[in-house]
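Trainee: I would like to learn how to read pockets, charges and backbone angles in a model. Can you take me through a case?

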Amino acid sequence: MRLQGKKALITGAAQGIGKAIALAMAKEGADIGIADVNVESAEKTALEIRGLGVKGVAIKLDVSKQEDVSRAFESVTKEFGALDILVNNAGITRDTVLLRMKEEDWDAVLNINLKGSFLCSKEAVKIMAKQRSGKIISISSVVAFMGNPGQINYSASKAGLIGLTKTIAKEYAGRGIRANAVAPGFIQTAMTDVLSDAVREEMKKAIPLGQFGASEDVANAVLFLASKESDYITGQVIHVNGGMYM
Ligand code: NAP
């Protein structure tokens with residue numbers, strides 16, 4: 001039990017990678033706040049978490065809204081009495097090339113993927129700094145490092161998360177807070193299910209290991225960063241991408 005008694009809040013945890021992270025942490029003994037815009041779906045995940053013998057609490061949260069974020073952190077501290085782990089996982093895509101990208105699509109992606117992580121990290125640091133311990137893990141992407149045609153907003157938001165992570169790591173190391181990022185490549189989830197078979201096959205050619213990853217591959221890296229085993233690691237990025245970026 002690598003996370004026995006730890007308290008975690010995971011954003012966008014109703015499904016996909018966030019849900020896999022929630023289940024992996026719960027299996028290691030952590031109580032989990034499952035925060036998502038889709039509260040019905042978050043409640044289903046919470047039920048599965050409780051089935052593992054730990055606390056699982058569904059929280060309605062739009063990470064881009066300050067009022068929602070304040071309320072979510074209040075309810076998680078009231079429920080758990082502490083916060084040891086924050087995973088900034090909530091993310092969306094609104095893809096098109098630069099010249100077709102509407103300002104509203106830029107804003108929507110930056111507001112959820114980057115501003116949302118800023119708002120949540122700020123609330124988490126308030127709690128963790130008092131505790132003098134905590135782990136903040138943000139889910140970036142391989143495209144932050146490589147760029148990707150059709151994803152100017154998404155790539156910029158995910159690159160921004162790397163700067164956010166390194167800055168938190170430097171500002172709050174003295175308070176016992178570690179901040180790291182995980183940068184997945186192409187992972188089989190609802191986000192990538194929308195791709196056509198032709199695009200999917202083309203993408204696989206760029207992956208030395210020849211296949212998309214599973215949500216659990218990302219969850220394993222997050223679990224390591226959340227656990228004591230990674231206590232001497234901060235400001236770093238773990239790449240989980242089948243070798244497509246080295
Ligand atoms: P997903 O299946 O679409 O899950 C994302 C979850 O976040 C959904 O439950 C979604 O709810 C929720 N969400 C959306 N907007 C939100 C908001 N404003 N506040 C709170 N929750 C919100 O995506 P995924 O593939 O698991 O991706 C998880 C993270 O990994 C994202 O940050 C993504 O960018 C990153 N990532 C994914 C891949 C990949 O290949 N899948 C690769 C690299 C990085 P709704 O469904 O109701 O909108």
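The dialogue below takes up pockets, then charged residues, then a backbone angle.

Mentor: This is a predicted model, so local features need pLDDT of at least 70, side-chain atom pairs count only at pLDDT 80 or more, and totals for chains, interfaces and linings use all residues. Residues are numbered from 1 along each chain as its sequence is written, and side-chain values use heavy atoms, with hydrogens and water left out.

Trainee: How is a pocket defined, and how much space lies in the largest pocket?

Mentor: On a 1 Å grid over the protein atoms alone, a pocket is an open set of points with protein on both sides within 12 Å along at least five of seven lines. Lining residues have an atom within 4 Å of a point. Volume is the space filled by probe spheres (1.4 Å probe) set on the points, which are joined across faces, edges and corners. Here the largest pocket holds about 990 Å³.

Trainee: Which residues lie nearest the centre of the largest pocket?

Mentor: Gly91, Ile92, Thr93, Tyr154 and Met191, out of 44 lining residues. Elements giving two or more residues to this lining are helix 1 (16-27), strand 2 (31-36), helix 6 (152-172), helix 7 (190-193) and helix 8 (197-205). Helices (H or I, at least four residues) and strands (E, at least two) are DSSP runs, numbered from the N terminus.

Trainee: What about the second largest pocket?

Mentor: About 230 Å³ of space lies there. Its lining has 14 residues, with Lys6, Ser133, Lys135, Ala226 and Asp231 closest to the centre. The classes are three nonpolar, four polar and seven charged.

Trainee: How do I read a salt bridge, and how many does the search find?

Mentor: Side chains of opposite charge can pair when their charged atoms come close. The test is a side-chain nitrogen of Lys or Arg within 4 Å of a carboxyl oxygen of Asp or Glu. The whole structure has twelve. In one of them, lysine 19 pairs with glutamate 48, with the closest N and O atoms 2.9 Å apart. Lysine 19 is in helix 1 and glutamate 48 in helix 2 (residues 39-50), 29 residues apart.

Trainee: Is aspartate 105 buried or exposed?

Mentor: Buried means under 20% relative accessible area, exposed over 50%, partly exposed in between (1.4 Å probe, protein chains only). Aspartate 105 counts as buried because its relative accessibility is 18%. Its salt-bridge partner is arginine 94, at 3.6 Å between the closest N and O atoms. Arginine 94 is partly exposed, at 39%.

Trainee: What should I note about phi of arginine 132?

Mentor: Most residues other than glycine have a negative phi. Arginine 132 has a positive value, near 65 degrees. Arginine 132 sits in the loop between helix 4 (103-131) and strand 5 (134-139).

Definitions and conventions: Nonpolar A, V, L, I, M, F, W, Y, C, P; charged D, E, K, R; others polar.
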